[in-house]
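Hi everyone, thanks for coming. Please have a look at the sequence and the structure on the screen, and then I'll walk you through a few spots.

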Amino acid sequence: MKEQLAKIRAEALSAFEGVKDAAALDELRVKYLGKKGELTSLLKQMGRLSAEERPAMGQLANEVRAALEGALEGASKKMEAAAMELRLKAEAVDVTIPGKAVQVGRRHPMNTALDEIKELNAGEGHPSRDWSDTFYFDQDSRVMLRSQTSPMQVRAMDSMELPIRIIAPGRVYRKDEVDATHSPMFHQVEGMVIDKGVTMADLKGTLNLLAEQLFGAGTVTRFRPHHFPFTEPSCEMDVQCHKCGGAGCPTCKGEGWIELLGAGMIHPRVLEMAGIDPEVWSGWAFGMGLERTALRRFKIFDLRLIFENDMRFLEQF
């Protein structure tokens, strides 16, 4: 067996030294080191040796295997180096050849128009502001009853250290007609978070958790795109109607859903106005109707019952 090992070693090393391409190298690997290769087949005969011969033959066999594997690796690296050299020569750039002039493009008119639209803000007197009109004390007064609790965001930004996490309950007034889910006077709870790395995913996760904590596990919600002047992107969150379970009824006006709150990511310009760097900090805010929360929480079918102060109604809670 010693002579056979020496013969395999000499033949294999010579073959690895003279191999020319990767395919031939792989054939040699299989021939000598594969599962059915010459060295592997020879090693399977170790069991025929006596107990005294096995240690010496085992050590010699390991040395032969190590030599063959080293030669295989050396031949592979040699081929890789040769291939890289050929590639470098083939892809060489002649710097003496005159270069080609680079044409500088211009912005497409569609992109220019789109950028200008993105920069627009709703100016004073813009029709989009009509929905937030509210009540004034008199025609000449500059004092009005607030239509949302959003001003508390600015107050918090001006007076608190970053990061900021607040809620701000308060009464608000709007020109809404009285019905089962609307009133010209109601209450909101404003919430705001400003921190590093805050995203829309954080907002949705918080609001879904809030809905489950208030109304129970498995509460069904939906988010709809919306427009609010101070957030971008903006959304509204609805909860499935507690009376009809989404089928449609007078309480939800046949829609199966009841709007609970408006929310969105705080607009970078709002942060800049408060002296907060929007490249470092981000945040979200929401304004939640307290009455609609109570409707869903206690399964009340008509908002007007909350304000009528009927003891027969109030004593139930």
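**A few spots along the chain**

Let's start with Asn309, which sits in the loop between H10 and helix H11 (311-314). Helices here are DSSP runs of H or I with at least four residues, strands are runs of E with at least two, and both are numbered from the N terminus. Before I go on: this is a predicted model, where local features need pLDDT of at least 70, side-chain atom pairs count only at pLDDT 80 or more, and totals for chains, interfaces and linings use all residues. Residues are numbered from 1 along each chain as its sequence is written, and side-chain values use heavy atoms, leaving out hydrogens and water.

Back to Asn309: its phi is near 55°, a positive value in a residue other than glycine. Is Asn309 buried or exposed? Asn309 is exposed, because its relative accessible area is 55%; the cut-offs are under 20% for buried, over 50% for exposed, and partly exposed in between, with a 1.4 Å probe and protein chains only.

Lys299 also has a positive phi, near 55°, and isn't a glycine. You'll find Lys299 in the loop between helix H9 (290-298) and helix H10 (304-307).

Now Gln153, in helix H6 (residues 151-159). Gln153 is buried, as its relative accessible area is 8%. Leaving aside residues up to four places away in sequence, Gln153 touches Glu190, Met192, Ile266 and Ala285, where contact means heavy atoms within 4.5 Å.

Last, the cis peptide bonds. One joins Leu162 and Pro163, with omega about -5°, and Pro163 is in the loop between H6 and strand S1 (164-173). Another joins Glu232 and Pro233, with omega about 0°; Pro233 lies in strand S4 (residues 231-240).
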